[in-house]
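Thanks for coming. I have one structure to go through, and I will take it element by element.

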Amino acid sequence: MDIGKRYTPHELEKKWYARWKDEGAFQPSKDKNESFSIVIPPPNITGKLHMGHALNLTIQDILTRYKRMKGLSTLWLPGEDHAGIATQHVVEKSLIQTEGKRRSQYSREEFLKKVWEWADTYKGHIREQIMALGCSVDWTRERFTFDEGLSRAVRKVFVQLYNESLIYKGKYIVNWCPSCGTVLADDEVEHVDETGKLYYVKYPIKNSDRFITVATTRPETMLGDVALAVNPSDQRFKELVGKMVVLPLTEREIPVIADPYVDKEFGTGVVKITPAHDPNDYQVGIRQGLQMIQIMDNTAKMNELCGKYAGMDRYTARKEILKDLEEMGLLEKIEPHKHSVGHCYRCDTTVEPFLMDQWFVRMKPLAEKAKEVVKSKKTVFHPERWEKIYYNWLDEIRDWCISRQLWWGHRIPVWYCQDCGHINVSEEDVVSCAKCGSKNLKQDEDVLDTWFSSALWPFSTMGWPDRTQDLEKFYPTSVLVTAFDIIFFWVARMIMMGEKVMGQEPFKDVYITPLVRDKNGRKMSKSLGNGIDPLEVIEQYGTDPIRFTLAILAAQGRDIKLDPASFETYSKFSNKIWNATRFILLNLDGYEKIELQPKDLRIEDKWILTRMNQTIEKVSSAIDSFDFNIAAKELYDFFWYELCDWYIEAVKERLKSESPDRTSVQNTLVKVLDSSLKLMHPFMPFLTEELWHALPGIGEEQMIISALWPQYDEKFSFEDETSVFSKAMEVVRGIRNVKAEMNILQTKSVDIKYVSDHKETVIDQMKEQIMRLGFVSKIERSQAKPSRAATAYVGEGMEVYIPLGELIDFDAEKERLEKAKEKALKDVEKYQKKLQNKDFLERAEEEVIEETRTKLEDSQSQYDKVLKILQELT
């Protein structure tokens, strides 16, 4: 059968994805007891998938296809995230551009209708991208974090936690984004180190001509000051505690207090306390019973309490306040100051600490159980080092602010009675007050943080709160594949909610994917212009090469440095698989399937079958331990180097029609190719499905996606023969290396001589193969090393030499090698000098130092090799 000369990925991808989907290949088997399940980390509906998504989806699909072929009832559940703040932000911008209207110009219902239209369109885009990557998700079970079923689950959990006093409403200092107009959870604030200024402001002491100088980075908030504070152990200010100072620019008097929060080394050792606009000051205010004065509105403009500064933007007010302080002689000095500033993760606006009524989840009780889940190994992180970061976050956890001042999202299921003030919390819409019966009710305007619904994803997607068959069979899920940056946002909260609601951990394993960087190790970003669009790569090379590239680079615990040239490399591997399969198929004329018997097999057959066995074991073990790079490398090396470069080359003569054991070779090739395609299927699904169908004996109704995973077969394990063929390979490699080092064409025939005390050597056993693979015209046994001969092999009582005779120009070769030796020596000295330089070792990054060490080793190896060759030429 001829499959054609060209591998055309895009035609195959459309054909096979449609067939897999139409024939229900992605759905779990109903007749199998053991199950495997993954819920997809739902992509936000706001944009395109990036290379990090491509890696994450590839790894999930490798696991899913592998477990399906291992015979498990396998579910990979897809879905999308409504992404509250992100989606509303994008839709608002879009409406301004397309309709020239802001959100405030629509009713809530009108705006939500627009967002739903956006959501339906972009959910379709996400589906198309997931399909383009070949993901075998069960589309019949697709969910959305804002669909009817999940909305029901969200309400039920909210009410449950509220009734258990784990959800409460209270005033609290929160992270407010003036641009997005909503609260941000602590982990939605991105802290950036910035060089700002430290302003030294003098506060007059009441009834005195003395001042207390305070250093602050935010002079505009001084209008909300309610105290100055010093550390109680700071002897410098002991006599000031209890005194009153006059707040500059106002007529208010505020006290000097003592609190251990104050850092004696910061600024002057005296700090201003503004409880309504600083989280630390808020805690001081609670401890000391201080007033809370809010001086800004929701847009971060100064409010009516700020006198002449009212209506000014916070930064404009800063300039005016500094100007007035300077005129009054109260601005002592200004110094540059590096400090961390919180920014909105969505729009990058500087976050304003704000005192507001919000809804919160009490996290401490939930966090303790979440820690125990990981400590007891009910859930295991891969790599394990992420557990420490998980514990650190849980140890320092604060209550979670779950309310957002948005329209798009799960509206908080709370109704306030306008007559008696009762708070009605219910899973169903409330039409009358539970306390007084009034119908004069108003629902809370806020929505829940997106991560609240996401935290329920593993069980809500399977039908909870109903007790469904999916829940019974597939929960807890088997593994979660996700990125490190949402361990706090998502992973920890899912574990908390799984334990709280279901009484079980939501997943057994958590695999944290590496970060995909550019080839220079820089984070991919729009500003650097170094991002790689996976869809563009698919368009150029097809899906399978991008999947294999990402898998072979995905080493646990190490960032991926992604060079676009890698896609070209593994595109060539796809072509190699195609061409090798085509060669085998074209040599199956007269093929008759037989049961392979060891007595009918030659050494090379036994070697490839043994290596096939070993590869099955190694690939299976690597996938089981989440070492996808090791599994992919095993497959690459086995198929390209061992099957193609060695075995196929070794049996070409035996494939000719007159060969007496042609049937045996054909069956060996078909068996090895069948197993190889199955092992590669989780990594390269389209190519392997297409080629597998071309194998003899595969029915049209069969599909490799549901074929059984290859098993280790003791019958085809031949250690002795494998050792013999491996030695023959070393001899051939030695011959090839000598040719390369001496500038002799690889296809030029050479004579070899060997010296050995053994009666029978590998050359005697594998003479025919060594001559063919090494392009050897004559082999002779010798009593000693010939003169002017290069050493091709030394090992286990045998030495192999190539007499150089007329093969090279000795004088010209010596001259070339002397130059090579001189260059290698200069390189050795250069790298040695660099590594002895203390300044280099202290300043250079570890990767650069390691790279220099490698270059030194390579240069030393090259020098030693050239020196050895020169000695053999004398």
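Predicted model: local features only at pLDDT ≥ 70, side-chain atom pairs only at ≥ 80, totals over all residues.

Residues are numbered from 1 along each chain as its sequence is written, and side-chain values use heavy atoms, with hydrogens and water left out.

A word on the labels. Helices (H or I, at least four residues) and strands (E, at least two) are DSSP runs, numbered from the N terminus.

The sheet comes first. Three strands make up an open sheet, in the order E15-E23-E22, with parallel pairing. Two strands are taken as paired if DSSP finds at least two bridges between them. At the edges stand strand E15 (380-382) and strand E22 (477-483), each with a single partner strand, so one side of each has no neighbour in the sheet. On average, neighbouring strands here are turned by 20 degrees against each other, direction ignored. Axes are lines fitted to C-alpha atoms, for helices over the stretch in contact, and angles run from 0 to 180 degrees between N-to-C directions. Between E15 and strand E23 (residues 507-513) there are 3 bridges, and the two run parallel. Across E15, E22 and E23 lies helix H13 (residues 487-502), which runs at about 165 degrees to E22.

Two cis peptide bonds come next. One goes from His382 to Pro383, with omega near -5 degrees, and Pro383 is in the loop between E15 and helix H9 (386-395). Another joins Tyr475 and Pro476, with omega about 0 degrees; Pro476 sits in the loop between helix H12 (469-474) and E22.

Now the rings. Rings of Phe, Tyr and Trp (its six-membered ring) pair if their centres lie within 6.5 Å; planes under 30 degrees apart count as stacked, over 60 as edge-to-face and the rest as tilted. That rule gives 40 aromatic pairs. Trp116 and Trp408 form an edge-to-face pair, 5.1 Å centre to centre with 80 degrees between the planes. This pair links distant parts of the chain, 292 residues apart: Trp116 is in helix H4 (residues 108-132), and Trp408 is in the loop between strand E17 (403-404) and strand E18 (414-417).

How accessible are these two? Buried means under 20% relative accessible area, exposed over 50%, and partly exposed in between (1.4 Å probe, protein chains only). Trp116 is partly exposed at 30%, whereas Trp408 is buried at 0%.

The next pair is Tyr168 and Phe360, with ring centres 5.5 Å apart and planes at 20 degrees, so it is stacked. Tyr168 belongs to strand E5 (residues 167-177) and Phe360 to strand E14 (residues 352-361), so the pair ties together parts 192 residues apart in sequence. Tyr168 is buried at 17% relative accessible area, and Phe360 is buried at 1%. There is also a cluster linked by ring pairs, made of Phe548, Tyr570, Phe573, Tyr636, Phe639, Trp640, Tyr641 and Phe683.

On to the helices. Which residues of helix H20 (residues 685-692) are buried? They are Pro685, Phe686, Leu687, Thr688, Glu689, Glu690, Leu691 and Trp692. That is 8 of the 8, so H20 is largely enclosed by the rest of the structure. Its cover includes helix H1 (9-22), helix H2 (51-69), helix H15 (543-553), helix H16 (565-586) and helix H19 (662-680), with contact meaning heavy atoms within 4.5 Å.

In helix H6 (residues 279-288), the buried residues are Asp281, Tyr282, Val284 and Gly285. They cover an arc of only 160 degrees around the axis, which puts them on the same side of H6. The arc is that of the directions from the helix axis to the C-beta atoms. Among the elements covering them are E5 and E14.

Last, positive phi. Phe626 is not a glycine, yet its phi is positive, about 65 degrees. Phe626 is in the loop between helix H17 (603-624) and helix H18 (628-651), and is buried at 6% relative accessibility. Arg788, also not a glycine, has a positive phi of about 45 degrees. Arg788 lies in the loop between strand E27 (776-781) and strand E28 (789-795), and is partly exposed at 42%.
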